[in-house]
Amino acid sequence: MLTLAITSCSTNEKKHTLAELDVSDSKNTHATVFVKPKSEAEIKKAYYEYIRNASQADQSRQAAINRIAAMELNLTNKILADSDSNENEDITDRLYLESLEKAANLLSTSLRDFPDASNNDNTLYQLSRTQDQLGRGDLAVANLKTLVSKYPESPFYAEAQFRLAEHAFVSGDYITAEDAYTEVILTSSNDRFYEKSLFKRGWTRYKQELYDEAVDDYLQALTYHRFADIEKLNKTERDQFDEYFRAIGLVFSHLRGARSLNEYFADQTNFKYLYHTYTVVADIYVKQERFSDAAETMKLFVEDHPSAVEAPLAQLNMVTIWQQGNFTDRLHEQIEVLYTAYNPTSAYWKENPNNSAQKEIQNTLRDYIVKLAAFHHSQYQKSGKKAHFNSANIWYSRYINHYEHFARQDKIYARYGDLLASGGMKGQALSYYEEAAYDGELVLDKKAAYATATLSNELYNTATSASKSNWLAKHTEYAYRYASLYPEDPGVGNIIANAAQLSFAAKDYERAIKLTQLYKPSGKNRQDFVIGNIKARSFLDSGDYTGAESAFTDLLTENKLSSGERKKVQDSIALSIYKRGEQAKSEGDIESAVHHFGRIVQRYPQSAVAATGLYDAASLSITNELWGSAIFYYESFQQLFPKHKYNKEATRQLSVAYLKSNQKDKAAKQFEQLARGDESREVKMAALWQAAQLYDERKDIDAAIRSYREYAHAFKEPYPQNMEAMHRLTALYKQKRDSQKRYFWQTKIKNADARASQRVKTDRTNFIASSTVLDLAEQQKQDFTRTRLVEPLATNLKKKKKQMQAAIKLYGQASAYKISEVTTQSTFQIADIYQTFSVALLESERPSHLNGDELEQYNILLEDQAFPFEEKAIEFYETNLSRVKDDTYDQWISTSHQKLIELFPVRFDRKVKVEAFYNE
């Protein structure tokens with residue numbers, strides 16, 4: 001259009017094209033290929049100038065009119081776009097309307113002056129839009145009617161019919177609107193308006209009560225749109241989707257509801273939105289408060305489509321409908337139906353494992369089970385009727401069966417416990433209170449925790465003897481947890497007192513103490529004394545005597561007591577102190593033990609254990625040679641308790657203490673005197689032994705021998721001390737060089753050991769016996785060594801053999817004690833005796849009457865006689881050496897090895913190997 005050439009009215013003027021009106025005619029362009037564009041104002045001015053000057057029949061004039069009309073419309077668009085930034089709205093509105101008026105006038109002029117122009121359908125369309133913007137609806141409609149009647153093939157035909165249909169619909173002319181929408185639907189170029197026209201035609205038919213035809217249009221529009229899955233729709237799409245189904249629902253609600261749905265979709269069972277259609281209809285009934293119709297709609301869906309994946313949702317929807325309508329009985333019936341068919345373990349889910357509704361059904365069913373259980377529970381609390389109890393029990397148990405992992409969140413455990421407890425099922429109730437109250441050691445629910453404490457106490461009181469200990473353990477544990485977390489609770493004192501008393505009675509003192517330590521005394525009630533007394537006696541009976549003393553002392557200072565109660569508490573304090581002394585004594589802390597025993601009389605001299613404590617302090621002091629303490633406590637004992645049955649013994653012990661502490665030079669004689677004068681065997685024995693030791697320490701040998709000898713003769717038991725006495729006698733006689741008496745006591749040691757039972761022997765007595773026998777053997781060997789094989793040879797040989805046998809026997813006896821150093825020495829000495837005897841034979845004096853061959857034969861005979869003894873010596877040396885493998889090595893084994901090297905160098909001269917073995 002813009003490239004059409006037009007001629008000027010004057011034949012003398014230069015000819016211009018219409019397109020040249022849009023560019024500058026400047027003579028100053030530097031390149032012919034470039035044409036400078038004009039401004040919009042210049043272009044408009046040029047076009048207006050052209051229109052005024054061009055002849056009315058000029059065809060290019062129509063193009064110019066339409067061009068400038070388009071510019072005016074563009075200007076209106078720009079004014080609207082800039083309207084937010086313009087401060088003067090009046091000016092903006094005026095400019096906007098002026099441009100619209102200009103555009104309308106230009107388009108009207110074009111149609112008037114060029115009624116047969118080929119593009120008049122476009123001009124009519126633009127004029128209709130402009131008039132509509134100017135608020136001249138009737139003129140706009142008239143132009144659209146002209147357009148559709150004169151130009152049925154126009155690209156604007158479908159939109160024009162749609163606008164006419166919309167106008168007719170708004171005007172209530174539904175028949176005309178239906179026809180116009182139908183025209184749009186049938187027009188081939190209707191892509192933009194096809195779906196909208198279907199939907200709006202449905203509404204025209206709905207208004208005419210043509211419900212079947214209306215739903216056909218709705219569903220056709222729905223199908224054409226191809227909505228995505230409902231959950232994937234964005235807001236815009238979802239709004240449109242919901243609008244379609246609102247219309248569909250309204251249609252069916254005006255028909256026969258669900259029956260109409262079943263009939264309509266009888267041959268469309270695969271319709272994608274079938275269930276949604278039912279729900280929309282049901283929702284409409286709910287809004288109209290037609291709850292029975294709504295529920296019936298869902299029910300018919302399930303009946304006609306039992307295998308549909310939405311069947312569970314339909315049942316669930318029925319529950320919601322009855323709930324919204326406040327139909328309690330119907331609601332409960334439907335929940336029962338829903339539970340039976342679709343509980344988490346029902347057969348339905350096993351047969352339909354991939355049903356997407358499972359999670360929603362199970363979550364919602366969980367909520368309804370909670371509500372139904374709570375309803376019946378409440379009714380039971382109000383009426384006490386067993387039927388409500390049973391119903392609540394059923395629903396709670398169903399919840400536990402299917403949703404136990406949510407039970408704490410939904411507070412089911414506590415509620416179920418309440419129900420069971422109120423119904424007398426206390427054991428079962430406690431188990432649910434436990435679940436509600438605790439997560440391990442953590443308390444989650446105060447009320448439930450309190451219930452576990454009180455209920456477990458009731459169960460303990462009614463339990464059989466066989467199960468009482470278990471119930472007590474539960475009760476005390478729950479009482480402790482509750483009191484730990486809620487020490488300020490008003491009822492916590494009673495809980496602590498009861499649980500602590502029960503624990504104390506069961507001798508669970510540790511638990512009783514832990515419980516009483518949680519109690520905060522107020523200083524104003526009797527409960528302070530009760531709990532404090534349990535605490536103190538638990539300390540005492542459990543062996544924590546320090547805690548007991550402290551707790552009993554607190555009872556005296558923090559409570560108002562009667563004289564009888566005060567006396568009992570004081571006696572308990574005294575007993576606690578005495579027990580502390582006994583405990584310290586058993587632990588070896590003598591100083592603390594003496595202190596505790598002695599301080600009883602300082603605090604409570606009238607108490608039952610005061611005299612015993614004081615005497616024990618003195619006795620323990622003297623036993624442990626605390627002479628100063630012993631004297632102090634014995635003197636105090638005699639002064640405070642002169643008629644006590646231990647007073648005589650106190651006097652006896654005091655004499656010992658005096659001697660020990662102040663007169664050590666005379667102590668021994670005093671002990672001798674005491675030993676001779678005392679009636680007690682133990683005292684005599686101890687005194688005599690003490691005298692002997694004191695003489696021994698002061699190196700008064702004769703006095704020591706006298707005391708040890710008297711002790712050894714008088715006190716055969718205890719065996720170890722008797723052996724020690726005889727051993728000291730052998731040592732003392734050795735110092736006096738009295739070998740005869742020394743040998744006498746060594747023999748007594750040997751014989752006493754032989755007679756003694758293995759039960760009374762100790763390592764020390766074995767050492768004394770073995771060393772004594774070894775010493776006897778050494779003496780015998782000395783006799784053997786001193787005897788020489790000289791004439792008379794037969795007599796001396798017999799004597800030497802006898803001495804040899806006696807020494808070997810004694811060495812063997814010494815070795816039998818299995819004391820390593822004694823054994824190796826004895827073994828060596830036996831070997832040495834055999835070797836010495838062999839050498840003695842070879843070196844023995846020869847008979848004087850032998851010469852020549854006889855002498856040679858005699859020497860050969862001696863060698864034959866000596867050889868076995870040498871072999872025997874080697875055997876015992878080897879025996880000693882073999883002990884190296886048992887990790888035993890000492891000088892006797894080393895010397896045995898040296899002897900073997902001398903006797904058998906080829907075999908035993910392996911120093912490196914022996915040393916390497918030893919080192920290893």
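Predicted model: local features only at pLDDT ≥ 70, side-chain atom pairs only at ≥ 80, totals over all residues.
Which residues does L222 touch, not counting residues up to four places away in sequence?

View 1. Setting aside residues up to four places away in sequence, L222 touches F227, F241, Y244, F245, I248, F271 and Y273. L222 is also one of the buried residues of helix α9.

**View 2. Helix α9, residues 211-225.** A helix of 15 residues, at 1.5 Å a residue, should span 21 Å, and the end C-alpha atoms of α9 agree with this because they lie 21 Å apart. The buried residues of α9 are Y211, A214, V215, D217, Y218, L219, A221, L222 and H225. Just after the helix, R226 adopts a positive phi of about 55°.

**View 3. The largest nonpolar core.** This core has 121 residues, and Y218 and L222 are those with the most contacts inside it. Helix α12 (residues 274-287) supplies the largest share of the core, 9 residues. In soluble globular proteins, nonpolar side chains tend to be buried together.

**View 4. A second, separate core.** This core comprises 45 residues, among them L555, A593, V594 and A657.

**View 5. The whole chain as context for the close-ups.** The secondary structure of the protein consists of 43 helices and 4 strands. Its C-alpha trace spans about 195 × 95 × 65 Å along the principal axes. The radius of gyration is 63 Å, whereas a compact globule of 920 residues would have one near 29 Å. Of the 920 residues, 47% count as buried. The accessible surface comes to about 49,700 Å², and carbon and sulfur atoms account for 49% of that surface.

Conventions:
Residues numbered from 1 in each chain as written. Heavy atoms only, no water. Helix = DSSP H or I, 4+ residues; strand = E, 2+ residues; numbered from the N terminus. Expected span 1.5 Å × (residues − 1). Buried < 20%, exposed > 50% of the residue type's maximum accessible area, 1.4 Å probe, protein only. Core = buried A, V, L, I, M, F, W, Y, C linked by side-chain atoms within 4.5 Å. Contact = heavy atoms within 4.5 Å. Rg over C-alpha atoms; globule rule 2.2 N^0.38 Å. Areas by Shrake-Rupley, 256 points an atom, 1.4 Å probe, with all protein chains shown as cover.
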